[in-house]
Amino acid sequence: MTTAKLLLHCPDKPGILAEVTDFITVNKGNIIYLDQYVDHVENIFFMRIEWELKDFLVPQEKIEDYFRTLYGQKYEMDFRLYFSDVKPRMAIFVSKMSHCLFDMLARYTAGEWNVEIPLIISNHPDLQHVAERFGIPFYLFPITKETKEEQERKEMELLAKHKITFIVLARYMQVISEQMINAYPNKIINIHHSFLPAFVGAKPYHAAFQRGVKIIGATSHYVTTELDAGPIIEQDVVRITHKDSIEDLVNKGKDLEKIVLSRAVQKHIERKILAYKNKTVIFS
């Protein structure tokens with residue numbers, strides 16, 4: 001059963017909810033999901049609605065134009081329309097650490113995610129065997145300070161060729177350029193090995209160990225031009241004690257990272273995230 005998913009935000013005014021639901025029901029759409037939220041501080045209305053298209057009177061290819069003309073302009077809406085029969089196309093960027101990659105590919109091959117993964121991109125050859133094991137094309141783009149701009153240009157050409165709709169950085173140890181970020185706004189998902197804001201630097205678990213912390217965390221967020229400061233999608237923590245070694249912290253951290261990243265990716269695939277300014281509204 002093909003469904004349409006509509007996500008929108010706009011200045012809050014009376015009647016928006018009624019008009020949107022009326023548009024669907026009058027045109028014989030069967031609503032199967034509806035959630036809305038009002039940010040009273042910003043006075044912004046957020047909404048996610050999904051309906052079946054089986055008997056819907058408006059042709060699928062014309063729904064977006066109809067909706068924009070009838071309601072989008074009237075209410076100054078920022079909206080996105082998605083269809084369940086159109087799978088998002090995801091590129092995975094990796095470096096040398098495999099835990100997040102294995103977790104995502106296991107979920108993908110198990111059929112948990114309604115997504116296509118046409119390619120994996122890396123700046124190191126280390127994980128090519130993983131891509132081959134799962135039958136996904138692997139592209140190597142070694143990067144140095146001198147070659148970064150040219151290599152990223154080639155990467156973007158490859159992403160465009162494969163019609164990639166979003167990117168997942170599965171412990172990809174390169175800073176993404178402003179050009180690529182602007183090409184994929186709120187469509188590049190990163191996993192950060194800390195509960196942001198937290199211990200910074202290359203060895204966060206060593207710093208956490210030295211401070212004697214009682215929890216460690218992981219954060220998945222959209223990538224913006226401000227490093228590790230984009231809209232947060234998912235976070236979680238795990239308890240530790242004085243008995244845990246640095247190795248224990250690293251292993252617990254890896255487990256947490258792959259779970260938090262996969263949760264964030266799943267929410268993105270299911271079209272349950274609305275980014276506004278530097279925050280996200282996550283629908284259940």
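Domain bounds, as used here, come from an automatic or database domain assignment. The structure is a predicted model, in which local features need pLDDT of at least 70 and side-chain atom pairs count only at pLDDT 80 or more, whereas totals for chains, interfaces and linings use all residues. Residues are numbered from 1 along each chain as its sequence is written, and side-chain values use heavy atoms, with hydrogens and water left out.

The assignment divides the chain into domain 1 (1-81) and domain 2 (87-280), and the C-alpha centres of these two domains are 31 Å apart. Where the domains meet, nine residues of domain 1 are in contact with eight residues of domain 2, contact being defined as heavy atoms within 4.5 Å. Together the two domains bury about 770 Å², of which 66% is on carbon and sulfur atoms; buried area is the accessible area (1.4 Å probe) that two parts lose on being put together, summed over both.

A salt bridge is taken to be a side-chain nitrogen of Lys or Arg within 4 Å of a carboxyl oxygen of Asp or Glu. By this rule, 18 salt bridges are found in the whole structure, and one is found across the interface of domain 1 and domain 2. Among the salt bridges is that between the side chains of lysine 277 and glutamate 42, with an N to O distance of 3.1 Å.

Helices are DSSP runs (H or I, at least four residues), numbered from the N terminus. Helix α1 (residues 16-26) packs with helix α2 (residues 63-72) at an angle of about 145°, their axes being 12 Å apart; axes are lines fitted to C-alpha atoms, for helices over the stretch in contact, and angles run from 0 to 180 degrees between N-to-C directions. In this packing, Glu19, Val20 and Phe23 of α1 meet Ile63, Tyr66, Phe67, Leu70 and Tyr71 of α2. Within helix α2, glutamate 64 and arginine 68 lie four residues apart, about one turn of the helix, and their side chains form a salt bridge (3.1 Å, N to O).

Technical notes: Helices (H or I, at least four residues) and strands (E, at least two) are DSSP runs, numbered from the N terminus.
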